[in-house]
Amino acid sequence: MEFMINGGKKLCGAVEIECAKNAYLPILAASLLCDGEVILDKLNITDVSNMQDILRLLGVGFKEQNEKIIIDGSGCKNALIPAKLASKLRASILCLGALVGRFKRARVTYPGGCDIGLRPIDLHLKAMMELGVEIEECHGVISCDGTKLHGGDVVLDYASVGATENLILLTVLGRDKVRLINVAREPEVVDLCNFLNKCGAKIVGAGSSEIEITPVKRLIGREYAVMKDRIVAGTYLLAAAITNGEIEVRGVNSHFFTSLIKKLCQSGCFLDVKGDKIRLKSGDLKSVGFLETNVYPAFPTDLQAQFVALQTIARGDCVVKENVFASRFKYVPELIKMGAKITVSGNVAFVEGVPYLTGAEVFATDLRSGAALVLAGLSAKGYTKVSSAEFVLRGYENFDEKLRSLGAEIKLVI
Ligand code: EPZ
């Protein structure tokens with residue numbers, strides 16, 4: 001599967017942003033905890049269909065009605081999640097917290113996900129053990145016994161998004177009050193807590209580094225509007241910037257874009273925020289000099305590759321430091337094929353701006369790298385072929401169609 005792109009077209013117009021993958025997946029896992037139906041807007045990306053396959057195996061029912069999916073967890077059963085399903089995505093591990101939370105026992109296998117560095121789950125398991133869960137890891141199967149689950153304080157060594165979400169799912173139906181300290185503050189974590197609270201949970205402090213959970217006996221499924229995807233929206237804004245275009249992204253919460261907007265302004269773009277709309281007009285692109293990723297509210301690691309693509313054609317040099325994942329520069333050799341000047345040393349990339357990129361055949365190595373190569377192809381002179389496009393479909397809904405609606409010459413070849 002590949003994207004064929006004829007570059008050099010300015011992007012113009014407006015685009016509606018879809019639900020956030022990284023909020024949607026934990027909310028799907030949370031449906032395992034609910035009695036009655038959970039109703040969400042549809043999100044047509046492969047990570048969601050892979051998560052649905054896991055939930056179906058656990059007895060969850062899915063119905064589609066108009067633009068909604070209706071999720072019925074009442075028939076949910078406790079079963080081993082096999083590696084062939086779990087290894088397709090990182091979020092599969094979130095079923096662990098939900099299953100132990102609901103059934104007090106679970107057996108799962110290790111999650112998959114983008115190859116952007118070692119992605120252990122030690123923080124998840126360590127914190128669960130601190131709350132009384134007995135864990136055995138054997139031949140790739142993680143067996144958990146939560147019959148002695150208790151309350152108390154847990155301090156995370158690192159504000160991991162996944163570990164925070166798993167502990168919330170584990171304890172909402174627990175026995176005693178729990179305080180989670182040094183937790184992730186990402187908006188997607190807050191969205192999970194908002195969903196659970198709407199279903200009857202008692203969670204306070206989401207969005208801060210301390211979350212308190214008072215357990216409840218039951219959660220009732222509800223209809224919920226999942227937040228829109230700030231990473232997808234950021235990708236479209238960067239697509240407009242790199243093509244010297246002018247677009248508006250719609251349906252987003254602009255509070256989540258502070259770090260990105262700051263860097264886009266430093267790059268010479270003009271931005272205008274009105275309500276749930278962010279408008280960008282590209283300008284004379286210049287280097288931002290330095291950028292580093294970190295946990296929210298710092299610059300998101302999931303926009304690092306797309307931002308580097310922009311910096312490749314900005315006037316001046318830029319140093320980009322990746323602080324969240326150990327090896328998230330695997331796309332660099334592909335950008336160099338297109339004429340970019342980048343050197344990487346450990347978790348730091350040095351980008352020397354060049355006047356333009358030239359089309360080439362490049363290979364996506366993961367979801368966000370694939371998106372960055374599409375952006376580079378949109379700006380490049382001539383044709384670009386981005387192979388392994390299936391990586392991009394994991395997290396972008398109708399990416400080629402939406403880009404075409406903004407004036408891009410791109411098609412997905414299956
Ligand atoms: C979530 O991954 C997102 N995925 C990632 O998005 C995102 O990049 C990441 O958070 C950071 O924002 C989903 O929500 C499905 P972490 P997660 O636990 O939960 C280390 C995308 O492109 N760590 O905060 O895996 C880990 O190795 C994806 O949409 C441990 O060492 O992120 C990493 O270096 C990519 N031990 C760092 O912490 C652990 O037990 C951050 O991981 C857990 C994490």
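The model is a predicted one. Helix α5, which spans residues 122-130, gives the most to the shell around the ligand, with 3 residues.

**The ligand and its surroundings**

- The ligand is surrounded by 22 residues, and the closest of these are Asp-122, Leu-123, Ser-160, Asp-302 and Val-324.
- At least two residues of the shell come from each of the helices α1 (21-30), α5, α6 and α12 (367-379).
- Arg-90 places a polar side-chain atom 2.8 Å from an oxygen atom of the ligand, while for Lys-21 the distance from a polar side-chain atom to a ligand oxygen is 2.9 Å.
- Asn-22 likewise has a polar side-chain atom 3.1 Å from an oxygen atom of the ligand.

**Helix α1**

- Helix α1 is largely enclosed by the rest of the structure, because 9 of its 10 residues are buried.

**Helix α5**

- In α5, the buried residues are Leu-123, His-124, Leu-125, Ala-127 and Met-128, and Leu-123 is also listed among the residues closest to the ligand.
- The cover over these buried residues includes the helices α4 (94-103) and α6 (161-171), together with the strands β8 (134-138), β9 (141-145) and β10 (152-155).
- Just after the helix, Gly-132 adopts a positive phi of about 95°.

- The side chain of Thr-312 reaches the backbone oxygen of Ala-309 at a distance of 2.5 Å.
- Setting aside residues up to four places away in sequence, Thr-312 touches Leu-335, Ala-340, Ile-342, Val-351, Glu-352, Gly-353, Val-354 and Leu-357.
- Val-351 belongs to strand β21 and is buried as well, with a relative accessible area of 0%.
- When neighbours within four places in sequence are left aside, the contacts of Val-351 are Val-308, Gln-311, Thr-312, Gly-316, Asp-317, Cys-318, Lys-341 and Ile-342.
- Val-351 is 42 residues from Ala-309 in sequence, and their C-alpha atoms are 9.4 Å apart in space.

**Asn-347, a partly exposed loop residue**

- Asn-347 is located in the loop between β20 (341-345) and β21 (348-352), and it counts as partly exposed because its relative accessibility is 28%, which falls between the 20% and 50% cut-offs.
- Apart from neighbours within four places in sequence, Asn-347 is in contact with Val-320, Lys-321, Glu-322, Asn-323 and Phe-329.
- Asn-347 and Asn-78 are 269 residues apart along the chain, and 41 Å separates their C-alpha atoms.

**Backbone geometry in the loops**

- Most residues other than glycine have a negative phi, and most peptide bonds are trans.
- The peptide bond from Tyr-296 to Pro-297 is cis, with omega near 10°, and Pro-297 lies in the loop between β18 (290-292) and α10.
- Asn-244 is not a glycine, yet its phi is positive at about 60°; this residue is placed in the loop between α8 (230-242) and β15 (246-250), and it counts as partly exposed at 40% relative accessibility.
- Asn-398, also not a glycine, has a positive phi of about 50°; its place is in the loop between α13 (390-393) and α14 (399-405), and with 28% relative accessibility Asn-398 counts as partly exposed.

Definitions and conventions: Residues are numbered from 1 along each chain as its sequence is written. This is a predicted model: local features need pLDDT of at least 70, side-chain atom pairs count only at pLDDT 80 or more; totals for chains, interfaces and linings use all residues. Side-chain values use heavy atoms; hydrogens and water are left out. Buried means under 20% relative accessible area, exposed over 50%, partly exposed in between (1.4 Å probe, protein chains only). Helices (H or I, at least four residues) and strands (E, at least two) are DSSP runs, numbered from the N terminus. Contact means heavy atoms within 4.5 Å. A residue is near a molecule or strand if one of its heavy atoms lies within 4 Å of it. A polar contact is a pair of N or O atoms within 3.5 Å; within protein, one must be able to donate a hydrogen and the other to accept it, and residues adjacent in sequence count only if both atoms are side-chain atoms.
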